[in-house]
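Here's a quick tour of one protein chain, meant for reading with the structure open beside you. Have a look at the picture before going on.

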Amino acid sequence: KHSFESLFRSVTHLLMDTGTSEYIFQLDFFGDDSVFSNVFKAAQSIVTEHLDSIIQNSADIVGLLLLTRINEEHRRVMEERRIPCMEPFFNQVQMLIWPRVKSVMELHTHSVQAAEPSALATSGTAKEPHYITRRFAELCAALYSLRHKHTAATLAQSLNPLQTALSKLLVAVASEHGSGRPRLIFLINQYDHVMYTLSQRKVQADADVWEQSLSDSMTAYVQEEMKHQFGRLVQFVSEFEAAFSASGEEGSFKIDVGRITAVIQDFSSQWKGGIESINADVMSSFSSRCGASVLKAVLSQLLVDYTRFLDLVKKGVADPQPLLNQVVPIPTLMYEVKKYSRTL
């Protein structure tokens, strides 16, 4: 049993070859091609009528796109032959298929919009790509691989509402997993899977929206993880950087030594354990592929925040050296960070 796409390709190819022979004969015998449409009209009508009856009952978006791609490739073959007689047929086929493509894409979009987040949240874990995400990623990869330069804009126009609907659904399902880190873990794993699937299929995809969503969620997760492990350091930096900006003059900016000492002691007592906890959290929450990027981002932010803290100490205390003698040296911190980086 052959698929309809395979049968359509074979029948259309037969029409092309027969039409080419007939067209050349008419030019040689009659000197023009004015009777070609009368000769071939019935045969072409049979094909287009059967095609219409099939596609009106089809919800196979990949199959429909495959038909359009076959049609465009056949059009290209006839252009290379310099035989224009089949052009009206190709145009009619496209006009039959594309409205159905748009209708099926709308059905997919409405299905995603009608989905119940609470019901979907019970399937799988935050670490795993949700089955909805996997299906969408595979669908996108298939559609992008089948698009043609003449139909790329139309396909993008039909696909954008589905992408928007899925993005909203993923955010809603993520909220069912909780707030803060659990929510962001779910989102990062979903966005990463979409990007990974598209890259594995080696298709030229319009993935900017997914790249941006992944970047935004990863940035938010880094901040949440830092607050969870080194909350006092993060709060201190945020508070006093704002105070320094508001003071306007470095000489008028002062920080209570007791506040600084408390942060130094807190960080010195638990920085190694904090890095170990970050590594454990990331590796247990993300795939090894995605986890490597997340861990690198969190540890890089730790170095940035700690450097900003030391700068504030230097600016906010008249004689910072006694305090700086108590801090964990940056090279020591970097050495520990690189140990985990080498294991990625």
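Predicted model: local features only at pLDDT ≥ 70, side-chain atom pairs only at ≥ 80, totals over all residues.

Let's start with the helices. Two packed helices are described by the angle between their axes and the distance between the axes. Here, helix H2 (residues 36-55) packs with helix H4 (residues 87-113) at about 10°, and the axes are 10 Å apart. Angles under 35 degrees count as roughly parallel, so H2 and H4 are roughly parallel to each other. On the H2 side, the contact involves Gln44, Val47, Thr48, Leu51, Asp52 and Ile55, while H4 brings Phe89, Gln92, Val93, Leu96, Ile97 and Arg100. Sorted by class, that contact has 7 nonpolar, 3 polar and 2 charged residues.

Now for the rings. The count comes to 11 aromatic pairs. One of them joins Phe236 and Phe240, and this pair is tilted. Phe236 and Phe240 are both buried. They are 4 residues apart in helix H9 (residues 208-247), so about one helical turn separates them. Ring pairs also link Phe236 and Phe240 into a cluster with Phe230, Phe267, Tyr306 and Phe309. Elsewhere, a charge meets a ring: the charged end of Arg289 sits over Tyr196.

| Residues | Distance |
|---|---|
| Phe236 and Phe240 | 4.6 Å centre to centre, 40° between the planes |
| Arg289 and Tyr196 | 3.9 Å from the charged end to the ring centre |

Finally, is Lys168 buried or exposed? Lys168, found in helix H7 (residues 152-176), has a relative accessible area of 60%, so it is exposed.

Terms used: Residues numbered from 1 in each chain as written. Heavy atoms only, no water. Axes fitted to C-alpha atoms, helices over the stretch in contact; angles between N-to-C directions. Helix = DSSP H or I, 4+ residues; strand = E, 2+ residues; numbered from the N terminus. Parallel < 35°, antiparallel > 145°, perpendicular 65-115°, else oblique. Contact = heavy atoms within 4.5 Å. Nonpolar A, V, L, I, M, F, W, Y, C, P; charged D, E, K, R; others polar. Buried < 20%, exposed > 50% of the residue type's maximum accessible area, 1.4 Å probe, protein only. Phe/Tyr/Trp six-rings, centres within 6.5 Å; stacked < 30°, edge-to-face > 60°. Lys NZ or Arg CZ within 6 Å of the ring centre and 35° of its normal.
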